[in-house]
Amino acid sequence: MSSFFRAMACVMLLASCSGGASYNSAPRNLDDACSIVSERPEYLRAFNAVERKYGVPVPGLMAMIYQESKFIGNNRTPHRYALGVIPVGRQSSAFGYSQALDGTWEEYVRGPGGRGARRDDIYDATDFMGWYMTQTVEETGVPIYDTRNQYLAYHDGRTGYLRGTWRSKSWLIRISGEVEARAVMYDQQLRACRKR
C-alpha cells in the first residue's frame, strides 16, 4: 500500500511542476505565427491574456519576443571574454523569453508579478512585457500598438527612449523596423489561420 502512495505523490509532484511550461528550444518555424501557436498552444493563451489585461496586441508582443529571445525560455546574453578567451561574465543580466534585466524584473516581482514569477515561464514573461509596455505608455506617451517605438523604449529603457539614446544607434533603428514588420506579418498570418 505504501508504494501506491509513493507513486501518487510522484504523480502529484510532476503535475505541480508542469504548470507554465518552460522551453529551452525555439518552436520549429519562427516565421509562421500559426505554426508557433499550434506547436505551443500555451503561448497563445499567454499572449491573449496579456492582450486582455493590458491591451498589447498579440502580433506586436510576439514580434518583440522573437527579437529578444527567439521564443527560447532560458535564453541568456552571450559571455564576455577578457583577452578573447577568459570568460568574465555575461553581457548583461537579461534572461528568459522577455530578456528582462535583473533590476527591472525585481521591480515587476515586487509589484504585479509576485514572488513566484519566473522569466523562463511564458505567462510571467509576457505579463511582464505587458506591464512594462503600459508603463511606457504612461511615461512616454508611445501608444501600446506602436510596435516600433515600444520596442525602442523596451530596448533602451524608458529614460533612454525619452533622452533619444536610440537615435545614434542605426542598428537599433533598423531592428525596430524589422520588429514592426514582423508584427504586421504575424498579424496577417494569425488572421489567415483564424487565431486572431
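I began with Y66 and found its place in helix 4. I note at the outset that this is a predicted model.

**Entry 1: Y66**

Is Y66 buried or exposed? I read a relative accessible area of 16% for Y66. The cut-off for buried is under 20%, so Y66 counts as buried.

I then looked up what Y66 touches, leaving out residues up to four places away in sequence. The list is L30, F71, R182 and Y186. I also checked Y66 against A26. They are 40 residues apart in sequence, yet their C-alpha atoms are 9.5 Å apart in space.

**Entry 2: R40**

F71 turned up again when I looked at R40. R40 is found in the loop between helix 2 and helix 3. Its relative accessibility is 4%, so R40 counts as buried. Setting aside neighbours within four places in sequence, I list Y23, S25, A26, P27 and F71 as contacts of R40.

**Entry 3: helix 4 itself**

I checked the length of helix 4, residues 58-69. At 1.5 Å a residue, its 12 residues should span 16 Å. The end C-alpha atoms are 16 Å apart, so the two values agree.

How many residues of helix 4 are buried? I count 11 of its 12, so I call helix 4 mostly covered, buried being under 20% relative accessible area. The buried ones are V58, P59, G60, L61, M62, A63, M64, I65, Y66, E68 and S69.

Which helices do these buried residues pack against? I find helix 2 (33-39), helix 3, helix 6, helix 7 (147-163) and helix 8 (170-192).

**Entry 4: helix 4 against helix 8**

Two packed helices are described by the angle between their axes and the distance between the axes. I looked up both here. Helix 4 and helix 8 pack at about 130°, and their axes are 8 Å apart. The two helices are therefore oblique to each other. The crossing of helix 4 past helix 8 is right-handed.

From helix 4, the residues that meet helix 8 are V58, P59, G60, M62, A63, M64, Y66 and Q67. From helix 8, I list I175, V179, R182, A183, Y186, D187 and L190. By type, the residues of this contact are 11 nonpolar, two polar and two charged. R182 and Y186 are also on my list for Y66.

**Entry 5: helix 3 against helix 6**

Next I took helix 3 (residues 41-54) and helix 6 (residues 122-140). Their axes come within 9 Å and cross at roughly 25°. Angles under 35 degrees count as roughly parallel, so helix 3 is roughly parallel to helix 6. Helix 3 passes helix 6 in a right-handed crossing.

On the helix 3 side I wrote down E42, Y43, R45, A46, F47, V50, K53 and Y54. On the helix 6 side the contact residues are I122, Y123, T126, D127, G130, W131 and T134. This contact divides into eight nonpolar, three polar and four charged residues.

**Entry 6: the whole chain**

Last, I stepped back to the protein chain. It has eight helices and two strands. From the N terminus on, I read the order as α-α-α-α-β-β-α-α-α-α. Of its 196 residues, 44% count as buried. Residues 24 or more positions apart account for 54% of them.

How values were computed
Residues numbered from 1 in each chain as written. Predicted model: local features only at pLDDT ≥ 70, side-chain atom pairs only at ≥ 80, totals over all residues. Heavy atoms only, no water. Axes fitted to C-alpha atoms, helices over the stretch in contact; angles between N-to-C directions. Helix = DSSP H or I, 4+ residues; strand = E, 2+ residues; numbered from the N terminus. Parallel < 35°, antiparallel > 145°, perpendicular 65-115°, else oblique. Left-handed = near helix turned anticlockwise from the far one by under 90°. Contact = heavy atoms within 4.5 Å. Nonpolar A, V, L, I, M, F, W, Y, C, P; charged D, E, K, R; others polar. Expected span 1.5 Å × (residues − 1). Buried < 20%, exposed > 50% of the residue type's maximum accessible area, 1.4 Å probe, protein only.
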